[in-house]
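Dear colleague,

Please find below the structure that I am handing over to you, followed by an account of what was found in it. I should be grateful if you would read the text with the model open beside it.

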Amino acid sequence: MIYTITFNPSIDYVIKVDNFQSGAVNRVASENKYPGGKGINVSRVLNNLGVKSKALGFIGGFTGQFIKDSLQSEGIQTDFIEVSGDTRINVKLNSNEETEINGAGPTIGEKDLNKLFEQIEALSSEDYLVLAGNVQKSLPRNIYSLIQEKCSNKKVKIVVDTTGEALTSTLKYNPLLIKPNNHELGEIFNVEIKNREEIIHYAQKLREMGAENVVISMAGEVALLICSEGVYHASAPKGIVKNS
């Protein structure tokens, strides 16, 4: 089974306003609400591809219930831990340009975190665990590496999609796959990356530090996979960007 963890889910409230004017009353042309968060997005894409997964993480309040109900209506299994605060709402404003206002999310207590650890300790070598996105300030900054440590003797296959020290601290546990983007890759090594050759060079360094496979996303340039078999470039279909 593939398990995804989203520490700080959200309702993504996407609104379109024609010619948004700051400081004035604006009328919404269209609006949609979606369950959001990187781990949740992974589960939704897997579901679209016909692959089963189970979404883990923390939800709270009426906003958390919306996320749970929405995912289950899509046929996605969930096993969220309910906390006392409300799940956050992120506002995505689409007008002449895109503007985002992201909520902070609820505080995660020690008891809540221990419940998650109990779920993780039930995993086996047959399972995959996807750790994706940023985490609340109430959690340890090395939470991803703490989770990997608990999984290491069970040989759970780990995928990590986060940034900075939260990412590099996981490499000693040899994650199956990591996915920084090209800007985050430069930040890790404190360099300005100028071309694809440099991307490959520093991605190889991440493999030397412990990652088995490295995917580097590059926005319009799409993505590179650097692995033991070589370097692969993925392209994407052309189209009009509706929402980045």
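Asn190 is placed in the loop between α6 (182–189) and α7 (196–208). In this predicted model, the phi of Asn190 is near 55°, a positive value in a residue other than glycine. Most residues other than glycine have a negative phi. Asn190 counts as exposed because its relative accessibility is 72%, and the cut-off for that class is over 50%.

The axes of α6 and α7 come within 10 Å and cross at roughly 60°, and the crossing is left-handed. On the α6 side, the residues that take part are Asn182, Leu185, Ile188 and Phe189, which meet Ile199, Tyr202, Ala203, Lys205 and Leu206 in α7. By residue class, this contact divides into seven nonpolar, one polar and one charged.

Asn174 counts as partly exposed, because its relative accessibility is 45%.

Another helix pair is formed by α3 (residues 110–120) and α4 (residues 143–152), whose axes come within 10 Å and cross at roughly 35°. Here α3 passes α4 in a right-handed crossing. Leu113, Leu116, Phe117 and Ile120 in α3 meet Ile143, Ile147, Lys150 and Cys151 in α4. The residues of this contact divide into seven nonpolar, no polar and one charged.

If neighbours within four places in sequence are left aside, Ile147 is in contact with Ile5, Phe7, Leu116, Phe117, Ile120, Leu129 and Leu131.

Thr99 is found in strand β8 (residues 98–101) and counts as partly exposed, because its relative accessibility is 34%. Not counting residues up to four places away in sequence, Thr99 touches Val91, Lys92 and Leu93. Thr99 and Ala236 are 137 residues apart in sequence and 25 Å apart in space, C-alpha to C-alpha.

Glu221 is in the loop between β12 (213–217) and β13 (223–227). With a relative accessibility of 47%, Glu221 counts as partly exposed. The residues that Glu221 touches, not counting those up to four places away in sequence, are Arg196, His233 and Ala234. Glu221 and Gly50 are 171 residues apart along the chain, and their C-alpha atoms are separated by 27 Å.

Finally, a word on confidence. The mean pLDDT of the protein is 92, and 99% of its residues reach 70 or more. Where pLDDT is low, the predicted coordinates should not be read in detail.

With kind regards

Key:
Residues are numbered from 1 along each chain as its sequence is written. This is a predicted model: local features need pLDDT of at least 70, side-chain atom pairs count only at pLDDT 80 or more; totals for chains, interfaces and linings use all residues. Side-chain values use heavy atoms; hydrogens and water are left out. Contact means heavy atoms within 4.5 Å. pLDDT is the predictor's confidence in each residue, from 0 to 100. Axes are lines fitted to C-alpha atoms, for helices over the stretch in contact, and angles run from 0 to 180 degrees between N-to-C directions. Helices (H or I, at least four residues) and strands (E, at least two) are DSSP runs, numbered from the N terminus. A crossing is left-handed if the near helix is turned anticlockwise from the far one by less than a right angle, and right-handed if clockwise. Ala, Val, Leu, Ile, Met, Phe, Trp, Tyr, Cys and Pro count as nonpolar, Asp, Glu, Lys and Arg as charged, and the others, Gly among them, as polar. Buried means under 20% relative accessible area, exposed over 50%, partly exposed in between (1.4 Å probe, protein chains only).
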